[in-house]
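Have the structure open as you read, and follow along point by point.

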Amino acid sequence: MKKTNFIFLLSLIFTTACFSQKTFTLSSNDLGGETTKTQEFNGFGCTGDNKSPQLSWKNPPQGTKSFAITMYDPDAPTGSGFWHWVVFDIPANIDELVTNAGNVELNLAPKGAIQSLTDYGIKGFGGPCPPKGHGFHQYIITVYALKTDKLGLDENINPAIVGFNLWNQTLAKASIIAYYKR
């Protein structure tokens, strides 16, 4: 290899390593591009297992003091979408929610995390349950890196108020989208 080619290759590797950015990323071992009967709600005419998916995240921005997770369906025929899961005050040292952490009775969510009301009127995870024949709905699952350790809200708060507080405290966010139809 010629010396100039070697120097060019070495400088390219060095530049890529120095300037590449690690982005805040959300992933799931349980979800691909679609949700399944495992996540589907059990009620409102649906008969799924209502298990929240495993979620993990990496590369939060510097200054992150806590996390929040939401699952939202913008395609719900309500005029305002539908909130399926709202979790906040997740400690900054946590980077994963295990499968079914959204079941508040099982206490699988991290200590200190609050799972507030969904649009089903329940606390914790309420899985997909789109109307039959309405086609595919998007379920946007978002993790928020927050600049506060606590939002100062309780589990009885509605999703809109949580969303307002998230908007004011978000440093970064990452999302995945899964689809479902009945």
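1. Let's begin in the middle of a sheet. Strand 5 and strand 9 run antiparallel and are joined by 7 bridges; two strands count as paired if DSSP finds at least two bridges between them. Across this pairing, M71 stands opposite I141 in strand 9. Strand 5 is also joined to strand 6 by 7 bridges, again antiparallel, and here I69 faces V87 of strand 6. As a reminder, strands of a sheet pair through backbone hydrogen bonds, either parallel or antiparallel.

2. A word on the basis of these values. This is a predicted model, where local features need pLDDT of at least 70 and side-chain atom pairs count only at pLDDT 80 or more, while totals for chains, interfaces and linings use all residues. Residues are numbered from 1 along each chain as its sequence is written, and side-chain values use heavy atoms, with hydrogens and water left out.

3. Now the overall layout. The protein has 2 helices and 10 strands, taken as DSSP runs (H or I of at least four residues for helices, E of at least two for strands) and numbered from the N terminus. Read from the N terminus, the elements go α-β-β-β-β-β-β-β-β-β-α-β. Of the 182 residues, 40% count as buried; buried means under 20% relative accessible area, exposed over 50%, and partly exposed in between, with a 1.4 Å probe and protein chains only. Among contacts with a separation of 6 or more, 72% come from residues 24 or more positions apart, a contact being heavy atoms within 4.5 Å.

4. Next, the largest nonpolar core, which has 24 residues. Such a core is a set of buried Ala, Val, Leu, Ile, Met, Phe, Trp, Tyr and Cys residues joined through side-chain atoms within 4.5 Å. Which of its members touch the most others? They are W57 and I69. The elements that give two or more residues to this core are strand 4 (55–58), strand 5 (66–73), strand 6 (82–91), strand 9 (137–146) and strand 10 (170–180). Strand 10 gives the most, with 5 residues. Leaving aside residues up to four places away in sequence, the contacts of W57 include F24, L26, F67, I69, I90, L97 and V143. A second, separate core of 11 residues includes A68, F88, L151 and L166.

5. Helix 2 deserves a look from the end. Its residues are 159–169, and the buried ones are P159, V162 and L166. Seen down the helix axis, these fall within an arc of 60°, so they line one face of helix 2; the arc is that of the directions from the helix axis to the C-beta atoms. On the other side, A160, F164 and W167 are exposed. The cover over the buried residues of helix 2 includes strand 5, strand 6, strand 9 and strand 10.

6. C46 and C129 form it, with their sulfur atoms 2.1 Å apart. The link is right-handed, with 100° about the S-S bond. Where do its two ends sit in the chain? C46 is in strand 3 (residues 46–47) and C129 is in the loop between strand 8 (114–115) and strand 9, so to speak distant parts of the chain, 83 residues apart. Both C46 and C129 are buried.

7. Strand 4 and strand 7 pair over 2 bridges, and L97 in strand 7 is the bridge partner of L55.

8. Finally, A178 in strand 10. A178 counts as buried because its relative accessibility is 2%. A178 and G33 are 145 residues apart in sequence, yet their C-alpha atoms are 4.9 Å apart in space. Beyond residues up to four places away in sequence, A178 touches L31, G32, G33, E34, T35, H137, Q138 and Y139.

Definitions and conventions
A disulfide is a pair of cysteine sulfur atoms within 2.5 Å.
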